[in-house]
Amino acid sequence: MAIAGATSVALLATACSSGGSGDGESSDGKITLTVSTFNEWGYDDLLDEYMELNPDITVVHDKAATSDEAREKFNTGMASGSGLADVAGVEVDWMPEIMQYEDQFTDLTSDSVEGRWQDWKTAQATTPDGKLLGYGTDIGPEAIAYRADLFEAAGLPSDPASVAELFGGEDSSWDDFYAVGDQFMAAGTGVPFYDASSTIYQGQINQVEKSYEDPDTNEIIALDNPEVKDIYQGVLDHADLSAGLSQWSEDWTAAFQNNGFAVMLAPSWMLGVIEGNAAGVEGWDIANVFPGGGGNWGGSFLTVPAQSEHPEEAKALADWLTAPEQQIKAFQTTGNYPSQVEAQKSDELAGITNEFFNNAPIGQIFAEQADRISVNPYKGPQYFAINTEMADAINRVTVDKTDDAASSWEKFETAVKALG
Amino acid sequence: MATSTAPAPVSPGSVDDPRPPRKIGFRQQLGKWDVKLSPYLYISPFFLLFAVVGLFPLLYTAWVSVHEWSLLGGQGDFVGMENFSFILQQPFFWKALGNTFSIFVLSTIPQMIAALIIAAMLDANLRAKTFWRMGVLLPYVVAPVAVALIFSKLFADGSGVINTLLGYVGIDPVGWHSQSLPAHVAISTMVNFRWTGYNALIFLAAMQAIPRDLYEAATIDGAARWRQFRSITIPMLRPTVIFVVITSTIGGLQIYDEPRMYDQAGKGGSSGQWLTLTLYLRDLGWRQNNLGRAAAVAWMLFLVIIVFAILNFLLTRLIASSGARKAKKQDTKLAAIPAASSPSATPVTDQVIEPGTDDTSGRTAR
Amino acid sequence: MSTSIPMLEQSAGRGAARAAARKRKQTQTSEGRRAGWVTYAILTIVILGSAYPLYYALQLSSSTASEIAQNPIPGLGLGGNLLDNLQRVMDANINLPQAFLNSVIVAVVTSASVVLFSTLAGFSFAKLRFRGRGPLLVFVIATMAVPTQLGVVPLFIVMRELGLVGNLLSVILPGLVTAFGVFWMTQYLESALPYELIEAARVDGASMIRTFWHVALPAARPAAAMLALFTFIGSWTNFFWPSIVLGTQNPTLPVALQLLQASFFKDMSLIMAGVVISVIPLLVLFVIAGRQLVAGIMAGAVKG
């Protein structure tokens with residue numbers, strides 16, 4: 001008796017409560033849009049602001065922890081034809097992968113965004129026949145974040161200008177970088193130089209134009225490309241400078257609080273992460289220098305999948321979010337450096353400083369570093385997968401310590417061949 | 001012997017039957033249908049649901065596995081067994097198979113033993129029964145995601161609680177995330193944590209079904225607790241043990257949540273130290289976007305599960321049987337339909353009565 | 001010689017049945033094996049082990065992120081930030097109350113349905129004769145071998161065709177009846193439901209369904225209660241499938257928890273606060289339903 005009663009009541013309740021949720025419209029005519037991002041884009045306050053400006057729109061924010069996770073969710077959503085957000089964030093590393101399926105996206109070409117970004121950024125989101133599939137959000141110009149107090153303890157200069165000189169200033173090279181590392185380690189403070197070898201690799205591979213795939217044929221060249229092998233070998237030769245951590249792992253997070261390392265390659269979006277993990281730690285600063293010419297790590301786009309039931313409103317939201325004013329606000333909150341030309345040149349940006357990092361003028365620093373970016377690496381559909389294998393290869397040697405450079409490379413080869 | 005003078009029995013409705021044919025009323029016909037069809041009707045919800053939720057995906061996946069099938073691009077060419085042969089040549093597949101098996105063994109065996117012991121403890125006359133019994137179910141209540149988060153903090157290589165404690169005692173930190181066996185131990189611990197209490201309660205329910213008279217009789221005969229456990233409890237639990245072993249086998253070979261959450265990347269470690277088959281499947285399908293190969297792995301996993309389930313069934317029956325030789329027959333199940341081959345019926349063994357035991361005390365009249 | 005309680009109820013009425021049950025309980029406990037201190041000691045260790053991770057979560061949820069990073073072992077007490085963190089979690093952009101409600105709906109409906117259909121099927125397999133009974137039962141068990149991962153994409157396609165993606169029904173429907181449930185009830189009813197009772201009902205002219213409703217279901221109560229509990233908890237903690245098919249707009253609690261983890265992935269204290277919130281309802285359920293269940297298990301013991 002009771003069971004039957006309960007079942008029927010509950011089924012009724014189900015039908016009522018979830019009736020409105022599948023189609024994004026609630027009974028009072030409001031529209032609900034979903035925005036999906038990963039890591040930290042600084043959108044929380046912005047979305048609240050948008051909702052205030054547009055009272056008949058509710059925005060739900062779906063956050064994935066990492067770009068990896070976001071990509072998996074995205075792929076599943078695309079494969080099954082439903083489940084994607086109305087405004088979906090995509091990282092540049094896997095943008096080429098999904099752009100292969102251009103029918104799945106709404107063409108976002110619009111006059112309002114004319115000239116908003118540099119050509120190379122727009123190009124990353126444009127199909128061969130000219131459809132614009134994504135609005136650029138941020139880019140990731142890199143500088144070097146360091147612990148001034150640990151540098152001092154090692155007898156090295158610790159103010160930003162001198163540290164920049166120490167690393168070689170304008171002409172800094174990766175050899176200079178490693179040399180400073182050796183110097184630091186020789187001082188014997190007991191603290192490793194940098195956090196993870198895989199990040200040093202990332203910094204360098206993002207400066208190579210043709211790394212894993214041939215731009216014309218998309219054929220995988222990773223295994224035969226001497227540049228890839230050299231960077232791999234170089235990073236592992238200097239493994240003694242590394243703290244042997246795996247980025248984003250528990251130990252890596254904890255290391256921020258325990259003097260785990262003195263230096264980190266810092267794309268602008270990493271600042272928020274450092275601040276979060278190193279809460280309460282003093283001594284972090286940023287040097288306006290980056291080895292090997294400018295480097296860009298990351299950078300994303302907002303897309304509007306064709307699945308969306310409100311493409312017009314979604315497009316409008318994406319437009320607003322990627323407008324220069326909004327991106328500057330995001331930069332202020334979490335360090336997501338604007339990809340918009342106007343924002344980059346603005347005075348407002350130039351004046352932004354970050355208290356946690358010893359009031360470093362981050363607006364200026366990253367603007368200068370962004371200017372130095374000269375290489376736009378080609379990333380084909382397999383880029384993400386190959387890069388993941390490479391990260392594993394490096395971690396096998398430096399984190400797990402199960403392999404040496406040669407055997408780990410062999411495993412990398414096997415894995416990459418399986419991808420084909 | 002005098003032959004009976006009664007007429008030979010005649011089947012109703014046959015030509016020789018002198019009685020007028022009995023008309024079956026509609027109500028009675030309904031009644032007949034009721035008896036005949038009801039069983040099928042009653043079991044149909046399960047099978048219907050399974051057809052949609054279990055069978056269709058199974059067949060669909062088989063279809064996918066013989067094609068080149070990209071996650072995003074959709075169906076490609078028919079490639080026959082190519083996906084299967086490719087997978088069988090991948091070192092990662094064999095690694096995953098080995099890992100899955102290892103984690104399975106590490107998680108199932110200690111768990112079974114612990115669950116049996118805990119159930120035996122709970123079966124005793126305890127004060128505050130509810131508290132103890134519900135208490136062991138506590139881990140089952142915490143979502144696997146949460147358990148993984150908690151345990152990953154405990155088992156972190158550098159900053160984890162366990163390695164820190166080991167450090168206090170002077171033992172080197174264990175490579176929980178860098179080496180295979182420690183990783184397996186950590187993951188098995190998570191699985192055991194979650195399921196031991198659950199299985200203990202299942203065993204408990206079965207133990208409670210064992211009539212106390214048996215134990216009383218055995219105590220009177222001077223059998224010690226352990227002897228009673230071995231000769232009464234375990235054999236009577238045999239069907240339950242088999243059931244639990246099979247479900248644990250199936251579940252254990254499929255584990256996904258725990259290895260997935262064991263680190264951020266979710267690839268089972270840089271060299272696949274804790275890569276299980278389901279994790280490998282996920283990786284193939286959703287990271288490498290190759291659904292065809294993922295489907296092939298899924299089917300091979302299915303076959304592995306069936307093989308292992310059968311193996312374990314036979315094994316458990318063998319082990320539990322050796323205790324059953326001395327067990328007494330319990331007659332409650334005579335109430336069941338004679339024709340039924342009930343899986344829970346213990347074989348009728350006649351002359352197996354404990355020496356010195358009174359014939360009538362242990363057997364219930366039925 | 002002893003008759004089962006349900007049998008007594010039929011022949012001698014409810015009062016007699018209850019009296020007999022009480023008497024049997026007394027007989028059992030007074031002559032049963034008494035637990036020694038060893039038993040209590042082992043059980044205490046087990047309970048402590050079971051509870052520690054939960055306590056650890058509580059500890060973490062009551063401190064702050066930096067405290068956690070600095071002290072791998074939190075010591076023994078609780079920090080002071082519990083209410084703060086709980087507040088922040090509730091204020092977060094994830095609709096926890098809705099997720100909570102969704103979880104409740106799904107769990108209740110699923111449990112009721114599983115118990116009903118499993119008992120129905122179990123009754124058939126255990127007590128009724130029909131062709132193919134043996135093989136079909138084996139088939140039921142075999143279906144448990146089908147891995148969930150296998151069916152995710154096809155199932156998603158089915159749900160999409162039915163237009164149920166994002167609707168709670170997409171999570172409820174696949175779980176309406178489980179092989180485990182069918183097997184569990186079959187096992188139990190085999191020994192707990194004497195054929196005499198069924199016969200008696202049939203002789204009285206009851207149809208199959210009435211027989212089921214008035215004889216089988218009551219007899220199955222203890223096992224049904226356990227099945228309901230297991231199913232409820234299983235449904236409550238189910239993560240994988242809901243995360244795929246429900247997404248952000250209509251999540252259940254574990255999915256919301258994962259969203260929380262993603263949003264605050266650097267702040268363990270907040271994540272653990274979310275964990276604590278998700279566990280509390282089940283603990284409440286324990287306290288309420290615990291007594292019934294133990295009684296249920298006990299009643300099930302007194303047969304034959």
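1. Chain C of this predicted model has 304 residues, and buried residues make up 57% of them. Its secondary structure comes to 16 helices and 0 strands. Among the contacts in chain C between residues at least 6 apart in sequence, 75% join residues at least 24 apart.

2. The mean pLDDT is 75, and 72% of the residues reach 70 or more. The lowest confidence in chain C is in helix H2 (residues 14-31), with a mean of 55, while helix H6 (residues 96-127) has the highest, at 88. Over residues 26-31 of chain C the pLDDT stays under 50, and the model has 3 contacts for this stretch beyond four places in sequence. Residues 300-304 of chain C also have a pLDDT below 50, with 21 contacts in the model beyond near neighbours in sequence. Where pLDDT is low, the predicted coordinates should not be read in detail.

3. Contacts in chain B with a separation of 6 or more come to 69% from residues 24 or more positions apart.

4. The average pLDDT of chain B is 75, and 79% of its residues score at least 70. For the complex, the predictor gives an ipTM of 0.71 and a pTM of 0.75.

5. What are the angle and the axis distance between helix H3 and helix H8 of chain B? Helix H3 (residues 91-123) and helix H8 (residues 180-208) of chain B pack at an angle of about 35°, with their axes 6 Å apart. H3(B) passes H8(B) in a right-handed crossing. The residues of this contact divide into 17 nonpolar, 10 polar and 1 charged.

6. A helix pair in chain A can be examined in the same terms. The axes of helix H18 (residues 383-398) and helix H19 (residues 405-419) of chain A come within 9 Å and cross at roughly 160°. That angle makes H18(A) roughly antiparallel to H19(A), because angles over 145 degrees count as roughly antiparallel. The crossing of H18(A) past H19(A) is right-handed.

7. Which residues form the contact between H18(A) and H19(A)? On the H18(A) side they include A:Ala385, A:Ile386, A:Met390 and A:Val397, and on the H19(A) side they include A:Trp409, A:Phe412, A:Val416 and A:Leu419. The contact holds 11 nonpolar, 1 polar and 3 charged residues. Among its residues are A:Glu389 and A:Arg396 in H18(A), and A:Lys411 in H19(A).

8. Is B:Trp299 buried or exposed? B:Trp299 lies in helix H14 (residues 291-324) of chain B. It is buried, because 21 other C-beta atoms lie within 10 Å and 20 or more are enough for that class. Leaving aside neighbours within four places in sequence, B:Trp299 is in contact with B:Thr61, B:Ala62 and B:Ser65. The C-alpha atoms of B:Trp299 and B:Phe84 are separated by 9.3 Å, although these residues are 215 residues apart along the chain.

9. B:Ser85 lies in helix H2 (residues 82-88) of chain B. B:Ser85 counts as exposed, because it has 11 C-beta neighbours inside 10 Å and the cut-off for exposed is 12 or fewer. From C-alpha to C-alpha, B:Ser85 and B:Val66 are 11 Å apart in space, and they are 19 residues apart in sequence.

10. Two loop residues of chain A deserve a check of their backbone angles. Most residues other than glycine have a negative phi. A:Asn39 is not a glycine, yet it has a positive phi of about 55°. This residue lies in the loop between strand S1 (31-38) and helix H2 (44-53) of chain A, and A:Asn39 counts as buried, with 24 C-beta neighbours inside 10 Å.

11. A:Trp248 lies between helix H10 (226-237) and helix H11 (250-255) of chain A. With 18 other C-beta atoms within 10 Å, A:Trp248 is partly exposed.

Methods:
Residues numbered from 1 in each chain as written. Chains lettered and ligands numbered in written order. Predicted model: local features only at pLDDT ≥ 70, side-chain atom pairs only at ≥ 80, totals over all residues. pLDDT = per-residue confidence, 0-100. Axes fitted to C-alpha atoms, helices over the stretch in contact; angles between N-to-C directions. Helix = DSSP H or I, 4+ residues; strand = E, 2+ residues; numbered from the N terminus. Parallel < 35°, antiparallel > 145°, perpendicular 65-115°, else oblique. Left-handed = near helix turned anticlockwise from the far one by under 90°. Contact = placed C-beta atoms within 7 Å. Nonpolar A, V, L, I, M, F, W, Y, C, P; charged D, E, K, R; others polar.
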